[in-house]
Amino acid sequence: MQIEAKILENEEIAPDRYKMVLSAPQIARQARPGQFIHVRVSEGYSPLLRRPFSVHRVQGQNIELLYRVVGKGTEILSKRKRGEYLDVLGPLGKGYRLPSVTSKVSDIILVAGGTGVASLMFLAEWISVTNPKLSILVVIGAKSREELLCEGDFRRLDCRVEVATENGTRGYEGLASDLLQKFLPLSGDSSNPLVFACGPSEMLKRIGKISREHRFPCQVSLEEHLACGVGACLGCVVRAKSSPYTYKRVCKDGPVFDAGELIWE
Amino acid sequence: MIRKAKEKSPNLAIELAGIPLKNPVMVASGTFGYGEEYADLIDLNRLGAVVTKTITLKPRLGNEPPRIVETASGVLNSIGLQNVGVDAFINEKLPFLRKYDVPLIVSIAGETSDEYVELAKRLRGRKIEGLELNLSCPNIKYDRKLMIAQDAKATHLVVSRVKKVTSVPVIAKLSPNVTDIASVAKVCEEAGADGVSLINTFTGMAIDVENRKPILRQITGGLSGPAIKPIALRMVYEVHKAVGIPIIGIGGIMAARDALEFIIAGAKAIAIGTGNFVDPLTPIKVIDGMREYMIKNKIKDIKSMVGSLKCPKGSL
């Protein structure tokens, strides 16, 4: 659906990292973890296209976004004021596929790189409500301590949180994917972990490889430049396994894919 | 009373190459998928017509990504005509579109004139209102290294051969990547085309200066969006002076005023392309905006505006 969403909050929570709260009752009702909204950051033609943001949280009638200023679109978004309205399409895309209460999954591992925490926060909150018996391990990676996001929020959900920073200013010194390896294999044969990852494509590629080696299911949420956001333009495709391969649309068939179905370049 | 109300409401209906349209606002090929992608966001019944994503004889995988990049007031794309192929289109896509009360123009492309003919034959008796010949896709090279619409002989051959095997109106989609688009339009008219749509995208490119690599995997792509509107408008103006068949104006239309410019320049209908990506409601806003303009300016019939450009005396 397409709505005019009122901006309730738009604050810098870390250097160049912003949290935006939008009043969007219909989207809040329908959104599932891993889905995104497609935002027209301003009227006019610069930028021309919408910008996609995954739903970070749903709080009652509101949705929250967590974004980093990376270019013109996010720069303009960061300057939008409380009380203004944004033209929003959503919720769009296929989100994370969740384990049913009866499934054999015993542990959930979330691996977040940078602002990849955005969609995984919503996922952790969703699981803690719908399937509270599952234990959740969250591995958060960032370049430095200043860029770490949501650590406290995950702890408040009773998740076990492990942190990696590339410069070693907090937690493990190195990449989130390396830190993940330290927890594998999990508690012996009886464990059936399910891994969800969101972050830079290099990180997702490494985690996809680890999931193959350790034979556990892994879902990754991809980030791509989108044009239409609804599956029409075919601009955002990634290569997926078929005979021999096919192209899938990140906006419509994803953004969440099984790591095993993708062909990593 | 009823008659009075009717008189007040301006008439937006037109006839395009024999196809009756509720209004002159269509959606352009390749920007609207097969309709189903937008069906939840916009009332398809309100559109003048839908032009489908280009269909080829066999399914096409499309180009390797990256396929799309935003540039100043525009978008560069090199999708590579990814599509399900004519058989799957007929079986899986057409039934959905036929549920709506909207004229359907199917865009087709081939690598040879035989393929266009075969496509037109396969679509015979399939409840479609028209065919649009995509002669101008940067991804299909005919014969040498040219698009069909860059070669007068090839253009004539494809249009005249398709005309012989179909009973629905045939519209030729032209490329702006030519020296004289009016002469190509004339060739189409002579070959029997019932209309021309213009323009397709301009070939262009974008480079990442950090690694000195082209951003698109195919190096070049087709430029669309508001960036190309003034050139598209000039081309519609030139073609209108050269041919008698109806013109569908395309190129960066984002609002009613853009659409009106094309109509004044000589387009009988217009199509929204990139504007659909920016705002799915663009076609509806254009229709409503055109109606408002007509009420305000006491224009009873949109047809009276087609080609109504007032050039200063003595200008060519």
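Okay, housekeeping. Residues count from 1 along each chain as its sequence is written, and chains are lettered from A, ligands numbered from 1, in the order in which they are written. Since the model is predicted, local features need pLDDT of at least 70 and side-chain atom pairs count only at pLDDT 80 or more, while totals for chains, interfaces and linings use all residues.

So, chain A. By the way, helices are DSSP runs of H or I, at least four residues, strands are runs of E, at least two, and both are numbered from the N terminus.

Now the two chains. How many residues of chain A are in contact with chain B? It's 21, against 27 residues of chain B. β14 (237–241) and β15 (245–249) of chain A each supply at least two of chain A's share.

Next, the core. The largest nonpolar core has 185 residues, and those touching the most other members include A:L110 and B:M26. Core here means buried Ala, Val, Leu, Ile, Met, Phe, Trp, Tyr and Cys joined through C-beta atoms within 7 Å, and buried means 20 or more other C-beta atoms within 10 Å of a residue's own, placed from the backbone. Beyond four places in sequence, B:M26 contacts, among others, B:L47, B:V51, B:I248 and B:I270.

Last, the sheet. In chain A, seven strands form an open antiparallel sheet, ordered β4-β3-β7-β1-β2-β6-β5; pairing takes at least two DSSP bridges. β4 (51–54) and β5 (57–59) of chain A are the edges with a single partner each, so one side of each has no neighbour in the sheet. β5(A) pairs antiparallel with β6 (62–68) of chain A over three bridges, and A:Q59 stands opposite A:N62 in β6(A). α3(A) packs on the sheet, touching β4, β5 and β6 of chain A, at about 50 degrees to β5(A). That angle is between N-to-C directions, on a scale from 0 to 180 degrees, with axes fitted to C-alpha atoms, for helices over the stretch in contact.

Terms used:
Two residues are in contact if their C-beta atoms, placed from the backbone, lie within 7 Å. A residue is buried if 20 or more other C-beta atoms lie within 10 Å of its own, exposed if 12 or fewer, and partly exposed in between; C-beta atoms are placed from the backbone.
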